[in-house]
Protein chains: 2
Amino acid sequence: MVYGYMNRILRVDLSLKRFNVQKLDENIIKNYIGGYGIAGKILYDEVPHWSSPYDPENLLIFGTGPITGTQTPTASRYVVVTKSPLSGYFGDANAGGYFGPMMKWSGFDFIVFRGISKDPVYLYVNNGNVEIRSAKDYWGMNARETERALKKDLGDNEIKVAAIGQAGENLVRYAAIMNEEAGRAAARLGVGAVMGSKKLKAVVVKGDMKIPVADPDNLKKVSNEIIKFQMEDPGVKTTRDGGTPSFMTFGWQTGDTPSYNWNDEEYGEYDVNKVAWPGEYEKILKGHRACYFCTVSCRRIMPGYSYGKYTVEDGAEGVEYETLDMFGPMTGIDDIKAIGVANELANLYGIDTISLGATIAFAMEAYEKGIIDKNITDGIDLRFGNAEAFIEMIEKIAFRKGFGNILAEGSRRAGLIIGNGAEKLSMSVKGVEIAAHDPRAFQGGSVHYAATPTGGRHMEGYTVGPEIMGVVRPDVHLISPDEIKKIGPQSLEKKALIVKRQEDFWALLNAMGMCIFTEDVPAYPNEHVYFDIFKYVTGIPLTLEEGMKAGERIFNLKKMFNVKHGATREDDRLPERLYRSPNKRAGGTVAIDSSFLEEYYEVRGWDRKSGIPTEKKLKELDLI
Amino acid sequence: MVYGYMNRILRVDLSLKRFNVQKLDENIIKNYIGGYGIAGKILYDEVPHWSSPYDPENLLIFGTGPITGTQTPTASRYVVVTKSPLSGYFGDANAGGYFGPMMKWSGFDFIVFRGISKDPVYLYVNNGNVEIRSAKDYWGMNARETERALKKDLGDNEIKVAAIGQAGENLVRYAAIMNEEAGRAAARLGVGAVMGSKKLKAVVVKGDMKIPVADPDNLKKVSNEIIKFQMEDPGVKTTRDGGTPSFMTFGWQTGDTPSYNWNDEEYGEYDVNKVAWPGEYEKILKGHRACYFCTVSCRRIMPGYSYGKYTVEDGAEGVEYETLDMFGPMTGIDDIKAIGVANELANLYGIDTISLGATIAFAMEAYEKGIIDKNITDGIDLRFGNAEAFIEMIEKIAFRKGFGNILAEGSRRAGLIIGNGAEKLSMSVKGVEIAAHDPRAFQGGSVHYAATPTGGRHMEGYTVGPEIMGVVRPDVHLISPDEIKKIGPQSLEKKALIVKRQEDFWALLNAMGMCIFTEDVPAYPNEHVYFDIFKYVTGIPLTLEEGMKAGERIFNLKKMFNVKHGATREDDRLPERLYRSPNKRAGGTVAIDSSFLEEYYEVRGWDRKSGIPTEKKLKELDLI
């Protein structure tokens, strides 16, 4: 008996409109747990290295973990895995809400799409029954309209929907997949663009199939303890009150929060108080919202309001920290209402707000520098701080109109198209725009951002927690809070190992189906609770070190996907600006020279020079 | 003073509708000569390894060689170079006619396209003047219609046009670029699909700018000698009389000409006399046609005729040998009139006839084996020999209708989409369908097909000439006609070196602007004449061994492009069938085991195991 899993993979061939069902292999469960792990293994095995992301043989895999959808706090995630059109390498994204749990209850742990449909379709899954249906009537709708129209047409408000908006349809290279009526996003690395390339408008799931749980009584007990912790812990409380933006003031003060395309005061003096919480941000805040079975409840929602010709719907999802920085300080815009509107538009069109804000900020710098002018921007005055121009560009990008057609390619490609030095202004790693945490402020980040297989990510093991916030899990990071405090964010002492352990641990949590935010807040009392939960759900006793090994395996699998698809050490590099221009708010620091990567590679058991996992390491991890 | 070159590269940015002009670098001329060489160097330097073929940063480069367009026999070629959507690696194709010479007379040696236009455009070049113009009125037209409409609208019958048909517009992955009113094709590796992805319908060139020639008197003298040879040589005469199909009977007898998706009599007993020349093939032959300044004049043309609902225009280009095999024996079709119609359609739509015939033959085998049925083929009875089904599939592929949408992906991807063993029926190397010369009949071919960077090609150095036909160039192949006759096509003695030398030599000839057919017929009296011509045109004395070194550099550059873009030794492999199923007409032989590649790698100065050029070799060739 397999506990925790529905034990079924749905395989959908969109080219020939067929599907079939597979069992989960027990070895895969043991080695790859779930989420990015199992989905990544399928991707690695089946997508040829000569494939392009929009080719029919690329896969788009929706996945869950064994904990997803069980009665465990913060285990609401689904993942999407594909070969990324932004990086050309391993692509993944994930989101909370209710889609992930419902997908499991509908009967499947994983849904693997291959092929390309000729006409728009959506997938309908109801308690194990599967249909590929026409989505002609929904093509052209935004993500919220799509979900509501499906609910109406199916006469069923219980369905959960993951859909693309117009950005995914138009192959905006950083389009997201949205669920919760455009409230949650599996945002990064262009997973929504791949969905658009397959002409798959939406995945609809519904069901009440039971997830088998090995020890429900003990699960309930430990869950209740976590809930109690989450209700009482002051850190969790702050997060609940302010949402992710509650980090903003601290981030700004420590130099972690970047501005003006990572140039800071060169282009203006940003007043972070105009957008921070508590304070001005509250102008566009109303209530709270929670994902499935989550007592952190970090989601804030907006009241309805108008801004020029734009409106925000009452109850629309609020602005997250990453979006707040990318739409605020990063572009020099300090009008919180404009930021709220831009957030609403990005969610409706279905665009990753990090890459979106960063790409427009990139264009703003090119504009300020005179590399582009109004002849290229369709007459738009694209200077930093111009909120109107920013919002107009979002629409142009979503529909690939005029200059939006260039920015829809992401900052790396846009830089190559524009030329004349613009290519140096793209603040991306592996083509993936860097999230709103400045590695010049915490040198573990310099290593992680450069080395992590999915580029400029902040949810794959960045070390803001241990390095800046003092969030230390002694048995994960192998260091005490006091000790790391002494080392500080700029010293590299023990950092290679801390980064590695953080990456492996987070890979494991994702594979389990956990929200990584549990470690970022942190919202779990300690690092051992996950293993209790895992045991009670799956019946499999997993020691922390066994779990870390599974996480390491998953991390190395992603790395090996990249190597197989042509990545070399040159891909492990931050934008030059971070190595050269000091971050004044962080104390005038720059990112540590990339030669330090060699220490990290060595800690990982990768070749020091090439950064490629050694045969020994791959054998140890059963990867060859 | 630079002789032989116009000394100008035109750079066209289709995304932002701009262009500029560059000088040719003298070092590039010296090292890479022209054609694939110089175009390949630009491609290698500028297309990032993480790029997909249809991405804006991929380049589409039209190029010529220094001899192209001079008064030299058979120097009519233009090349097109790009990252191939069929292989994912180095992609090139070339064609004769008058486009190449006219492109040079219009003022440019190379035209480099980057970016993607939002709306269909064509490029108009007239004596150095450049315009990017709307092609809205031509989008949807076939290649012949496009060229004629442009001539009419421009009121100018002197223009030369390279255009895509509907196949390129619809991203048929093996779409060709057509010139001479759909009479000539830069056909292979999907260059037309990349042109379609850029929304570039046509390139129009016109001009009477003079190519500077270093020693016109001596050039005239040697040209006259070649012309005399071409008029008198019996081999050239046969080629002039029968066109390339004059090879067919000999090819069939030696087992070089494959049939029934390389299964031969398993699916029928093909009567090659029904399509061979002299004989039945003459039913659809009328006159002759020559490319610019060519006295070989191998092009045969067809009389107008009807076949069911289809018609062939009077004077349409005849069926070449490769097409004749791919549309005839390969599909089991023996109705020469049907083959002529299919040829006409493929040319009008702009499709590579090799990949087209091979891909449909692949599907026919899948159908015969029951892997696909009428539910998948849209009701078409896709058995071997069904001419009507074959023609219908061509139309479906060009417009990506129904099952044609699957076959438009090429046999490798179609195999993956169909599954159930279909993937083993794709007779391709690196995704490129193998040309109509069976390597089981000449083992140098087993090495060349497996190793050459552009997959299943016959014009990059295959050794049918020295191994089967007795065409030996002693100073190129370093062997005498008697000696190779003794060795024979099945022994591997000296073959690694012969293959290497043939590849390097042909790379050089292409770079010069020569039609490779001069070596295949052969239509040049000996291997030294090329160097006389080169000297008289460019003023650069080049010894044969210096030229071979340049060819080797170009060949290694293409290889390194592949390595940079993720290729490994696993890509150097023939389809399993060729290693296992004997070719009876060749005497029951199979292709030599791929372990022999190691000898070839070593001769090339590549690592024996990985097949990657060693640092030493790259340094020797100034490639690093």
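Trainee: Charges first: how far apart are the mean positions of the positive and negative ones in chain A?
Mentor: They are 3 Å apart, for 77 positive and 84 negative charges. Keep in mind that this is a predicted model.
Trainee: And what does the C-alpha trace of chain A span along its principal axes?
Mentor: About 65 × 60 × 50 Å. The accessible surface of chain A is about 19,600 Å². Carbon and sulfur atoms hold 48% of that surface.
Trainee: What share of the residues is buried?
Mentor: In chain A, 69% of the 624 residues are buried.
Trainee: How many helices and strands in chain A?
Mentor: 26 helices and 18 strands.
Trainee: Let's switch to the six-stranded sheet. What's the strand order?
Mentor: In chain A the order is 8-7-12-9-10-11. The sheet is open, and its pairing is mixed.
Trainee: Which strands sit at the edges?
Mentor: Strand 8 (129-134) and strand 11 (184-186) of chain A, each pairing on one side only. From one strand to the next, the twist averages 20 degrees.
Trainee: Which helix packs on that sheet?
Mentor: Helix 4 of chain A, residues 143-154. Helix 4 touches strands 7, 8, 9, 10 and 12 of chain A. Its direction makes about 50 degrees with that of strand 12 of chain A.
Trainee: Back to strands 9 and 10 of chain A: do they run parallel or antiparallel?
Mentor: Antiparallel, with two bridges joining strand 9 (residues 160-163) to strand 10 (residues 177-179) in chain A. A:A163 stands opposite A:M178 of strand 10.

Note on methods: Residues numbered from 1 in each chain as written. Chains lettered and ligands numbered in written order. Predicted model: local features only at pLDDT ≥ 70, side-chain atom pairs only at ≥ 80, totals over all residues. Heavy atoms only, no water. Pairing = 2+ DSSP bridges. Helix = DSSP H or I, 4+ residues; strand = E, 2+ residues; numbered from the N terminus. Axes fitted to C-alpha atoms, helices over the stretch in contact; angles between N-to-C directions. Contact = heavy atoms within 4.5 Å. Buried < 20%, exposed > 50% of the residue type's maximum accessible area, 1.4 Å probe, protein only. Areas by Shrake-Rupley, 256 points an atom, 1.4 Å probe, with all protein chains shown as cover. Lys, Arg positive; Asp, Glu negative; His and termini not counted. Charge placed at Lys NZ, Arg CZ, Asp CG, Glu CD.
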